[in-house]
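Please look over the sequence and the structure first.

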Amino acid sequence: MSKGEYNLILDQLFSTMSKKLIEHAREEAIKKQENLRRTSVQNSQTKINIHNNKVQSNKQNYKINSNPHNYQENVGIKNYETGIPIICGYHESLCLGTKQRFIKPQAITNIGAKVYKAVCSRNHTILLLEDGRLFGAGNNYDGQLDATVKEHHIYNFIPIKPNRRFRDVSVGYDYTVAIATDGEVYGFGGNYCITQKNECDQHLIASFKPLMPGHKFSMVACGYKHFLLLDKDGKLFVLGLNYYGQIGMGDDVIGVIRPALIMENKTFSYIACGPYNSAAIEKNGDLYTWGDNDNGQLGCGSMEEKIYQPQKVASGVIAVSCGGYHSAIIDKNYQLSTCGENDVGQLCDGTYNNERVFKPRLNGKQIAFVECGGNYTMIVDIKGNLYGCGSNKFGQLGNGQISDKGDINQVIMTNVLRVGCGPAESVIIRRK
């Protein structure tokens, strides 16, 4: 009620009511204003408590679930917050949808919708929009964007399979894997098929057909030439090459050409891939890693360069990301830990020392999201502040500068939801 409306009501009361009734009306109005003030204070305190993790809220779901892997058929991503995609960095394959290098971050404004997720490889970038559509740009030599498009380089983001809607997507070196809203999983682009031991042939996936017809999946994560799948029940499937043990099936398997179930007695909630390594979080919070461990990126403490079987390396984990040769996790208390290669400070600890086990970083700051790029790391805290560490040679940290490494104490951007990282390019998704 405005002040003018309030005074008008008082004037009317003066002409029809006694002084006693008027005074009573004033008291009631004051009580109502006080109740509104208290409600406002309580709402403000609730928002503060959300950031301090004292209450349950949808925001907490966002922190835990950086991918829409809680399976609901035909729901897709509509319950997840989306934002404006902002690009920065550079790569020779021009996979950011432009011929330029963006040292200063620039918003993508020509796709007509907000974005839930961005994934980047050495060759191409895919955006998953709020309505479930896919848009892509970059190298298309192997049909990883669209086998029906003749152009080898696509500089502007184009729709991919425009008649379909998707719930998740990931990219490898020269291929794309996407999960439709009905749970069917599709792959297109380069397809390395195993012919006999130590030999592989490459074939293009030109047709758009389900990889496991009738089987419903919720999440996908791609490495260089392998990928992981979670089905609707949390069962873990692997496919691709196994030179470094990245599919977790032992050292006598060169690879698999159809999705194969591993650790069948466990159920998982989250998966991630580096170029040649893999990670999966069991529903109880136990983290398993396997594959290439040359720089300690598996966090298992071993000096072995290849780990062929999944090993439990941490507990109480809710999110994991794998970069070029380093990894990062967020635990149930929203604390960040990193391990692996640290030649340009990508472990966010202020040193250049490699680590073979996960160690806490950022002095207790509560983290909502982490994404590892080639040799850099992007971090979003629970307030939406973006931080970056590691290489910034191409401006991939998004701070508008070029430097050997970023300053982890610098707030690069605010109101950030999540980030997609490639070897040297980033897509920052920011609330409007």
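## Cysteines and strand β21

Cys120 is buried, at a relative accessible area of 10%; buried here means under 20% relative accessible area, exposed means over 50%, and partly exposed lies in between (1.4 Å probe, protein chains only). The model is a predicted one, in which local features need pLDDT of at least 70, side-chain atom pairs count only at pLDDT 80 or more, and totals for chains, interfaces and linings use all residues. Residues are numbered from 1 along each chain as its sequence is written, and side-chain values use heavy atoms, with hydrogens and water left out.

The structure has 1 disulfide, a term that stands for a pair of cysteine sulfur atoms within 2.5 Å. Its partners are Cys348 and Cys389, with an S to S distance of 1.8 Å. Distant parts of the chain are linked by this pair, 41 residues apart: Cys348 sits in the loop between β21 (336–340) and β22 (355–360), and Cys389 in strand β25 (residues 386–390). Strands (E, at least two residues) and helices (H or I, at least four) are DSSP runs, numbered from the N terminus. The torsion about the S-S bond of Cys348 and Cys389 is about -45°, so the disulfide is left-handed.

For Cys300, the closest cysteine sulfur is that of Cys339, 8.4 Å away and too far for a bond.

| Residue | Relative accessible area | Class |
|---|---|---|
| Cys120 | 10% | buried |
| Cys300 | 24% | partly exposed |
| Cys348 | 5% | buried |
| Cys389 | 2% | buried |

With strand β20 (residues 326–331), β21 pairs in the antiparallel sense over 5 bridges, and Ile330 stands opposite Leu336. These two strands form a hairpin with 4 residues between them, and Tyr334 in the turn has a positive phi of about 65°. With β22, β21 pairs in the antiparallel sense over 3 bridges; here Ser337 stands opposite Pro360.

How values were computed
Pairing = 2+ DSSP bridges.
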